[in-house]
Amino acid sequence: MSKLNIGIILGSTRQGRLSPQVGEWVKKIADQRGDANYEIVDIADFKLPLLGEADATEQATAWNTKLASLDGFVFIVQEYNHSISASLKNALDYAREAWNDKAAGIVSYGSVGGARAAEHLRGILGELSVADVRVHPALSLFTDFENGSVFKPADLHLVNLNGMLDQVIRWSGALKTLR
């Protein structure tokens, strides 16, 4: 059986965002495992306008093609006003079937570890027929980011990150049989 393809979705497009640092950390750890093909998928690269405001056929097609090529996901989610970013919600809404019958893990960050954003994302993923896994690395803006801008995760997060990746791989493999 060929290796699964897991996309690490950067959930923000803001200037000065921290998600690329977190995504690179996840990818570095994931790549060391050798159990899947991991790639960073930056929603900013797809330049999706607000859904319904412009003809985005080209962007939507590219976005859906990328998602369809993946067997599972790890979402890098930052908490904005107790929820996910508007850009992530918009990107989620631009696809439907490309999400279906796949698994997802969540790595969140914020003042309370991004827990509220992660919970909102779980509800949305359920509607998109994505099975989200239980283990959830929650990073603190106060202890895992130096001066609020340089990502320096505590070693204790490695246990949860690897546990989450274990679950994403198992569920992604099982759900692939449905597609």
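1. Contacts of D71. Residue D71 touches L4, N5, I6, K102, A103, S172, K176 and R179, leaving out residues up to four places away in sequence; contact means heavy atoms within 4.5 Å. D71 is placed in the loop between α2 (57-68) and β3. With 6% relative accessibility, D71 counts as buried. Here buried means under 20% relative accessible area, exposed over 50%, and partly exposed in between, with a 1.4 Å probe and protein chains only. Helices (H or I, at least four residues) and strands (E, at least two) are DSSP runs numbered from the N terminus.

2. Basis of the model. This is a predicted model in which local features need pLDDT of at least 70 and side-chain atom pairs count only at pLDDT 80 or more, while totals for chains, interfaces and linings use all residues. Residues are numbered from 1 along each chain as its sequence is written, and side-chain values use heavy atoms, with hydrogens and water left out.

3. Surroundings of L67. L67 belongs to helix α2 and is buried, its relative accessible area being 0%. Apart from neighbours within four places in sequence, L67 is in contact with I9, F73, A95, A98, W99 and K102. The C-alpha atoms of L67 and I6 are separated by 9.7 Å, although these residues are 61 residues apart along the chain.

4. How many aromatic pairs does the model contain? The count is 8, where rings of Phe, Tyr and Trp (its six-membered ring) pair if their centres lie within 6.5 Å, and planes under 30 degrees apart count as stacked, over 60 as edge-to-face and the rest as tilted. F73 and W99 form an edge-to-face pair, with 4.9 Å from centre to centre and 65 degrees between the planes. F73 lies in strand β3 (residues 72-78) and W99 in the loop between α3 (86-93) and β4 (102-110), so the pair links distant parts of the chain, 26 residues apart. Both F73 and W99 are buried. Ring pairs link F46, W63, F73, F75 and W99 into a cluster.

5. Pair of W25 and F151. The ring centres of W25 and F151 are 5.4 Å apart and the planes stand at 80 degrees, so this pair is also edge-to-face. Because W25 lies in helix α1 and F151 in strand β8 (residues 150-151), the pair ties together parts that are 126 residues apart in sequence. W25 is buried at 12% relative accessibility, and F151 is buried with a relative accessible area of 11%.

6. Packing of α1 on α5. The axes of helix α1 (residues 19-33) and helix α5 (residues 157-176) come within 11 Å and cross at roughly 65 degrees. The contact is made by W25, V26, I29, A30 and R33 of α1 and by H157, L158, L161, N162, L165, D166 and I169 of α5. Axes are lines fitted to C-alpha atoms, for helices over the stretch in contact, and angles run from 0 to 180 degrees between N-to-C directions.

7. Most residues other than glycine have a negative phi. N81, in the loop between β3 and α3, has a positive phi near 50 degrees and is exposed, with a relative accessible area of 76%. S129, in the loop between α4 (115-127) and β5 (130-132), has a positive phi near 60 degrees and is partly exposed at 38%.
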